[in-house]
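Q: I have a model open and would like to learn how to read it. Can you walk me through it, one feature at a time?

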Amino acid sequence: MSRVIIVIGSPRAEGNSDILGRRLARGARDAGAEVEIVYAADLNIKHCTGCLRCNLVEKCVLRNDDWAAFAEKFTACDAAAFVTPIYFHWMTSHLKALIDRFRSLMRVQIRPDGLVHTPTSKMPRRCAYISVLGSPREDDALPVMRFFRYVTEMWRGEVVGEMIAAKLALRKQVGMSGEELAGMFAKMGLGADLAKSYHETYQDYLRRAYEMGRALAVD
Ligand SMILES: Cc1cc2nc3c(=O)[nH]c(=O)nc-3n(C[C@H](O)[C@H](O)[C@H](O)COP(=O)(O)O)c2cc1C
């Protein structure tokens, strides 16, 4: 049975990332995987201090937080997904603090043409990424999506799914019914046609998240 971990970057309970992350989880479970969802904001993760002792000892020397337990769980998984809101064109600070600590799982060599990262632990082979943002344009999410692709390369993994879920500013918006959305849009002076087209887009995001979950589960 595949083990899948889904890391959610939003601090907002029942936010759009949470809803899409849980849909991913449902897809993976339906395809037979054992799934765990981890909320970065619920972890006690110290900030990386840049000591780089991990270069010598191949583990993080910071103590008394949740990193070691998280890293053990993460490296035991066959597949991983990250779902994050876009905060000022990047991931949330909760997720970034966690991502920085992954440096302790990498050996880094400096070569004339750039850095070469080699994982010192087994990393999940299959990866999927979702960025969630308020803007109707996808541009603000592009730096994060590029970063996630780079991470998968570093891990020698395969991207099995990626999605930018735009037009999602309000809490729970991606999970709203057509009627709820039309009511919300009316209050903001926006038309029913726009609400209908946004609702169709959201249904597509939910469907794609589910399929991504299935792809994560399958060997
Ligand atoms: C601090 C902050 C910064 C944000 N920056 C951006 C941004 O750069 N571009 C954008 O389109 N939306 C931005 N947003 C909107 C969020 O991406 C959007 O509300 C998203 O749905 C939040 O995801 P969640 O519901 O999973 O928490 C920002 C929101 C916050 C709170």
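A: Happy to. Let's start with a strand pair: β1 (residues 3-8) and β2 run in the parallel sense and are joined by 6 bridges. Strands here are DSSP runs of E with at least two residues, helices are runs of H or I with at least four residues, and both are numbered from the N terminus. Two strands pair if DSSP finds at least two bridges between them. One facing couple is Arg3 and Glu34, the latter in β2. Before going on, note that this is a predicted model, where local features need pLDDT of at least 70 and side-chain atom pairs count only at pLDDT 80 or more, while totals for chains, interfaces and linings use all residues. Residues are numbered from 1 along each chain as its sequence is written.

Q: In what order do the strands form the open sheet?

A: Strands of a sheet pair through backbone hydrogen bonds, either parallel or antiparallel. In this model 5 strands line up as β2-β1-β3-β6-β7, with parallel pairing. The edges are β2 (34-39) and β7 (158-165), each pairing on one side only. On average, neighbouring strands are turned by 10 degrees against each other, direction ignored.

Q: At about what angle does α1 run to β1?

A: Angles run from 0 to 180 degrees between N-to-C directions, and axes are lines fitted to C-alpha atoms, for helices over the stretch in contact. Here the angle of α1 to β1 is about 175 degrees, and α1 lies across β1, β2, β3 (79-85), β6 (126-132) and β7. Contact needs C-beta atoms, placed from the backbone, within 7 Å.

Q: How do the axes of α1 and α7 cross?

A: Under 35 degrees is roughly parallel, over 145 roughly antiparallel, 65 to 115 roughly perpendicular, and the rest oblique. The axes of α1 (residues 16-30) and α7 (residues 192-217) come within 6 Å and cross at roughly 45 degrees, so the two helices are oblique to each other. Residues making the contact include Leu20 and Arg23 of α1 and Tyr205 and Leu206 of α7.

Q: And what about α6 and α7?

A: Helix α6 (residues 178-187) packs on α7 at an angle of about 135 degrees, with the axes 9 Å apart; this pair is therefore oblique too. Among the contact residues are Phe185 of α6 and His199 of α7.

Q: Which residues are closest to the ligand?

A: A residue is near a molecule if its C-beta atom, placed from the backbone, lies within 6 Å of it. The ligand is surrounded by 18 residues, the closest being Gly15, Ser17, Pro85, Leu133 and Ser135.

How values were computed: Two residues are in contact if their C-beta atoms, placed from the backbone, lie within 7 Å.
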